[in-house]
Amino acid sequence: MEIGMPLSGRQRALIRESWQRVRGSPEQHGLVLFTRLFDLDPDLLPLFQYNCKQFASPQECLSAPEFLDHIRKVMLVIDAAVSHLENLSCLEEYLCNLGKKHQAVGVKVESFSTVGESLLYMLEKCLGTAFSPDVQEAWSKLYGAVVKAMQHGWDTLPEGD
């Protein structure tokens, strides 16, 4: 894994074990993640527009079919990262392009720390007492590596874009 600090074998195992409990209900757990995101930073809501429709509330956004599709995509990206723990660098180009797309719609790099907090919150709610400090550290490391790769999308945009 070139993006970020390498994960230990134990950390990879903790991530895989915990993800097994989450991946069976991606939409349900994704809703927890995004509900928390909007609780922490309601100013992110305007970034989510579909067919030029501005959502009046987080609840309206969270129930929109287009947004539920976005949730499924986010959970698939997490699933891909978990599936490639030994070789996250194979996702680097994809994640860089994903970063470019997020920048193009107005997402700020700083918002990813709030997304990270929301991811950890979702994992804690899903895993309960199995969400140990070691699990939290492993996921934080993985998320940091994913965000670092996405940030390359900001870094590689030509001037004027």
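In which helix is the place of Asn 97? Asn 97 sits in helix α5, helices here being DSSP runs of H or I with at least four residues and strands being E runs of at least two, both numbered from the N terminus. The model is a predicted one, so to speak of local features takes a pLDDT of at least 70 and side-chain atom pairs count only at pLDDT 80 or more, while totals for chains, interfaces and linings use all residues. Residues are numbered from 1 along each chain as its sequence is written, and side-chain values rest on heavy atoms, with hydrogens and water left out.

At 33% relative accessibility, Asn 97 comes out as partly exposed, on a scale where buried means under 20% relative accessible area, exposed over 50% and partly exposed in between (1.4 Å probe, protein chains only). Asn 97 and Glu 60 are 37 residues apart in sequence, and their C-alpha atoms lie 29 Å apart in space. Glu 93 is in helix α5 too, and with 63% relative accessibility Glu 93 counts as exposed. From Glu 93 to Gly 153 the chain runs 60 residues, yet the C-alpha separation is 9.0 Å.

Gly 153 itself belongs to helix α7 and is buried, at a relative accessible area of 0%. Leaving aside neighbours within four places in sequence, Gly 153 is in contact (heavy atoms within 4.5 Å) with Cys 96, Gly 99, Lys 100 and Gln 103. Tyr 94 is 59 residues from Gly 153 along the chain, and the two C-alpha atoms are 9.7 Å apart. Helix α7 also holds Val 146, a buried residue with a relative accessible area of 10%. Not counting residues up to four places away in sequence, Val 146 touches Ala 81 and Leu 95. Between Val 146 and Leu 91, 55 residues apart in sequence, the C-alpha distance is 8.8 Å.

Next comes the core. A nonpolar core is taken as a set of buried Ala, Val, Leu, Ile, Met, Phe, Trp, Tyr and Cys residues joined through side-chain atoms within 4.5 Å. The largest one has 50 residues, of which Phe 67, Leu 123, Trp 139 and Leu 142 touch the most other members. Two or more residues each come from α1 (9-22), α2 (26-40), α3 (58-62), α4 (65-83), α5 (92-104), α6 (111-127) and α7 (133-155). Helix α7 gives the largest share of this core, eleven residues. Setting aside residues up to four places away in sequence, Leu 142 touches Leu 7, Ile 15, Ala 81, Val 82, Leu 85 and Leu 88.

Aromatic rings also turn up together. Rings of Phe, Tyr and Trp (its six-membered ring) are paired if their centres lie within 6.5 Å, with planes under 30 degrees apart called stacked, over 60 edge-to-face and the rest tilted. Searching the whole structure gives eight aromatic pairs. In one of them, the ring centres of Trp 19 and Trp 139 are 5.8 Å apart and the planes stand at 50 degrees, so this pair is tilted. Distant parts of the chain are linked by the pair, as Trp 19 is in helix α1 and Trp 139 in helix α7, 120 residues apart. Trp 19 is buried at 2% relative accessible area, and Trp 139 is buried at 1%. Elsewhere, a single aromatic cluster is formed by Phe 34, Phe 38, Phe 48 and Phe 67.

His 29 lies in helix α2 and is buried, with a relative accessible area of 9%. Apart from residues up to four places away in sequence, His 29 touches Arg 21, Val 22, Met 75, Met 122 and Cys 126.

That leaves the open space. On a 1 Å grid over the protein atoms alone, a pocket is an open set of points with protein on both sides within 12 Å along at least five of seven lines, and lining residues have an atom within 4 Å of a point. The largest pocket has a volume of about 920 Å³, volume being the space filled by probe spheres set on the points, which are joined across faces, edges and corners. Its lining takes in 34 residues, and His 70, Val 74, Leu 98, His 102 and Met 150 are the closest to the centre. Elements that give two or more residues to the lining are α2, β1 (49-50), α4, α5, α6 and α7, with the largest share, nine residues, coming from α4. By class, the lining has 25 nonpolar, five polar and four charged residues, where Ala, Val, Leu, Ile, Met, Phe, Trp, Tyr, Cys and Pro count as nonpolar, Asp, Glu, Lys and Arg as charged, and the others, Gly among them, as polar.

Methods: On a 1 Å grid over the protein atoms alone, a cavity is a set of points where a 1.4 Å probe fits but cannot get out, and a pocket is an open set with protein on both sides within 12 Å along at least five of seven lines; lining residues have an atom within 4 Å of a point.
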